[in-house]
Amino acid sequence: MSSTMIKILIGVGVIVLLFLLDRLLLWAESRGWIYYRSRKGLGAGVLQEFDPATQAMKRAMEQERSRKDVRPSEDPPFRVDLDQGIVRIKRPDDGKEK
């Protein structure tokens, strides 16, 4: 056989092996063992981190979460006065500051 024929056979063999590997990985993904092609994996998540729309949505969700956590009717459990170097802590029993 000539060297050209050997190169063609090696190329066809590599293509067949890649196809079989692809089918094997898809089978493993369908069993839930790995994430390969059909499901969103790490690569798509990393790319989304730099997407401006995704960043804006995350900021909006964080603002909404922090807005829901704030209770305007309640005072914070402590107050810090940086000028005087004083920390005032509210007692849980009577609500007065110490």
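Strands β1 (residues 78-81) and β2 (residues 86-89) pair in the antiparallel sense over 4 bridges; two strands pair if DSSP finds at least two bridges between them. F78 stands opposite I89 in β2. The two strands form a hairpin with 4 residues between them, and in its turn G85 has a positive phi of about 70 degrees.

This is a predicted model, in which local features need pLDDT of at least 70 and side-chain atom pairs count only at pLDDT 80 or more, while totals for chains, interfaces and linings use all residues. Residues are numbered from 1 along each chain as its sequence is written, and side-chain values use heavy atoms, with hydrogens and water left out.

The protein chain has 3 helices and 2 strands, in the order α-α-α-β-β from the N terminus on. Helices (H or I, at least four residues) and strands (E, at least two) are DSSP runs, numbered from the N terminus.

Of the 98 residues of the protein chain, 5% count as buried. Buried means under 20% relative accessible area, exposed over 50%, and partly exposed in between (1.4 Å probe, protein chains only). The accessible surface of the protein chain comes to about 9200 Å², and 61% of this belongs to carbon and sulfur atoms; the areas come from the Shrake-Rupley method with a 1.4 Å probe, and for residues only the protein chains shown count as cover. Among contacts between residues at least 6 apart in sequence, 0% join residues at least 24 apart, where contact means heavy atoms within 4.5 Å.

Helix α1 (residues 3-30) has 28 residues and reaches 41 Å from its first C-alpha to its last, close to the 40 Å expected at 1.5 Å a residue. That expected span is 1.5 Å times one less than the number of residues. The buried residues of α1 are D22, L26, A28 and E29. D22 touches Y36 and R37, not counting residues up to four places away in sequence. Just after α1, G32 takes a positive phi of about 85 degrees.

The count of aromatic pairs comes to 1. W27 and W33 form an edge-to-face pair, at 5.2 Å centre to centre and 85 degrees between the planes. Rings of Phe, Tyr and Trp (its six-membered ring) pair if their centres lie within 6.5 Å; planes under 30 degrees apart count as stacked, over 60 as edge-to-face and the rest as tilted.

| Residue | Relative accessibility | Class |
|---|---|---|
| D22 | 15% | buried |
| W27 | 43% | partly exposed |
| W33 | 56% | exposed |
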